[in-house]
Amino acid sequence: MPVLRIDSLDRPELADFAGLTDVAMRRLLEPEGGLYLAESSKVIERAVDAGHVPRALLLQERWLPDLQGVLERFPDVPAFVADDALLTELTGFQMHRGALASMHRPVLPDARELLRDARLVVVLEDIVDHTNVGAAFRSAAGLGADAVLISPRCADPLYRRSVRVSMGTVLQVPWTRIGEWREAGPMLHELGFTIAALALSDDAVPLPAFAATAPDRVAVVMGTEGDGLSRRALAAADVHVEIPMLHGVDSLNVAAASAVALYALTTARQAD
C-alpha cells in the first residue's frame, strides 16, 4: 500500500471514514456503498485472513509496523496516516485502537450451501442492538456453532460496533441472511434441522433436558431484546427451550443466552 501522510481532509478517498458517529447515516451508507469498517490491527488482519479486500486504511503513524503485513499484501490500496487531531475531526471520535480499514463487503453465501455440512446453527431474529449481535457472534465462534443465520430486520453483523464487540469473529463464523419464516422454516426442516426456539412458554423444555437428547442438527433461535421471538418464529419451531433461572429473574440478555445455550449443547455432544 502507498503510505500517504495527510494534513487536510479534502481527498475523496477519505469519505469512507467520515462521520462514523452518525449511526443512522452509516447504517445506510455502508451496505449501499458495499463497504464495512474494520477497527484495530487485529480485526483488520482477521478480515484480510478471511479473504476480504481493503479499499483504504486510516491510521496513526505508530500503528504502521503492526500492519506491515497487510500493507505488503495490498500494494495498490492507500494507507492514510495523520495526527490524532485530524483523525478525530474526520471520524468524529478519538481512535484509541489506532487503525481503521474500509473493506469491500463480501457477497453473502446461499443459505442452503452454507448449511450443507452444519450441525449446530444460531438464528438471530430482529436483534436491533449491534453490541448484542457482535457478542452473539463471539459466542457462536467460541462455543461451537457452525454458522449464524440472521433475519431480514436483524442488525448488520458487519457494522463497526458489531465487528469490534465480536473481536472480529463475525469475519470468521460463516453467516448469511435468510428470508421470512414462511420460507426459512421449511428450508431448515428440509435440511434436517430441528428448530429450537429459546422462549418462555408454558410448554418450554428446560435447556439441560433438551441438550441431553438433542437431535443431530439443531437451529437455535434467539429473539429481539424487548419482545423476544415473533409469533411466526414460535410457530415455526419444533420445540421451545428455556434456560432455568433463579432469584425471580425470568431471562438473560440475548447475547448471554446464546452463550449459555451453545455451551450446553456443545458440552452435551462432546460427552456422547
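On a 1 Å grid over the protein atoms alone, a cavity is a set of points where a 1.4 Å probe fits but cannot get out; a pocket is an open set with protein on both sides within 12 Å along at least five of seven lines, and lining residues have an atom within 4 Å of a point. With those terms ready, let us explore this model.

The model is predicted, with local features needing pLDDT of at least 70 and side-chain atom pairs counting only at pLDDT 80 or more, while totals for chains, interfaces and linings use all residues. Residues are numbered from 1 along each chain as its sequence is written, and side-chain values use heavy atoms, with hydrogens and water left out.

**The overall picture**

The protein has 11 helices and 12 strands; these are DSSP runs numbered from the N terminus, with helices (H or I) of at least four residues and strands (E) of at least two. Its radius of gyration, taken over C-alpha atoms, is 20 Å, close to the 19 Å from the globule rule (2.2 Å times the number of residues to the power 0.38) for 272 residues, so the protein is as compact as a globular protein of that length. Along the principal axes, the C-alpha atoms fill a box of roughly 65 × 35 × 35 Å.

Of the 272 residues, 50% count as buried, where buried means under 20% relative accessible area, exposed over 50%, and partly exposed in between (1.4 Å probe, protein chains only). Contact means heavy atoms within 4.5 Å. Among contacts between residues at least 6 apart in sequence, 79% join residues at least 24 apart.

**The cores**

A nonpolar core is a set of buried Ala, Val, Leu, Ile, Met, Phe, Trp, Tyr and Cys residues joined through side-chain atoms within 4.5 Å. The largest one here has 56 residues, and those with the most contacts inside it include Leu59, Leu124, Phe137 and Met222. Helix α11 (residues 254-271) provides the largest share of this core, seven residues. A second, separate core holds 24 residues, among them Ala184, Phe193, Ala219 and Ala233.

What does leucine 124 contact, leaving aside its neighbours within four places in sequence? Its partners are Ala136, Phe137, Val148, Leu149, Ile150, Ser151, Cys154 and Met222.

Serine 258 lies in helix α11, and it counts as buried because its relative accessibility is 0%. Not counting residues up to four places away in sequence, serine 258 touches Ala136, Ser139 and Met222.

Volumes are the space filled by probe spheres set on the grid points, which are joined across faces, edges and corners. For the lining residues, Ala, Val, Leu, Ile, Met, Phe, Trp, Tyr, Cys and Pro count as nonpolar, Asp, Glu, Lys and Arg as charged, and the others, Gly among them, as polar.

| Space | Volume | Lining residues by type |
|---|---|---|
| Largest cavity | about 30 Å³ | eight nonpolar, no polar, no charged |
| Largest pocket | about 490 Å³ | 12 nonpolar, seven polar, four charged |
| Second largest pocket | about 230 Å³ | four nonpolar, four polar, six charged |

Ala196, Leu198, Leu207, Phe210, Val220, Val241, Ala261 and Leu265 line the largest cavity. At least two lining residues each come from β9 (194-198), α9 (207-212) and α11.

The largest pocket has a volume of about 490 Å³. Of its 23 lining residues, Leu198, Ala199, Gly228, Ser251 and Leu252 are the closest to its centre. Two or more of the lining residues are given by each of β12 (239-242) and α11.

In the second largest pocket, 14 residues form the lining, with Leu20, Tyr159, Arg160, Arg161 and Arg164 nearest its centre. Helix α7 (160-165) gives the most to that lining, with three residues.
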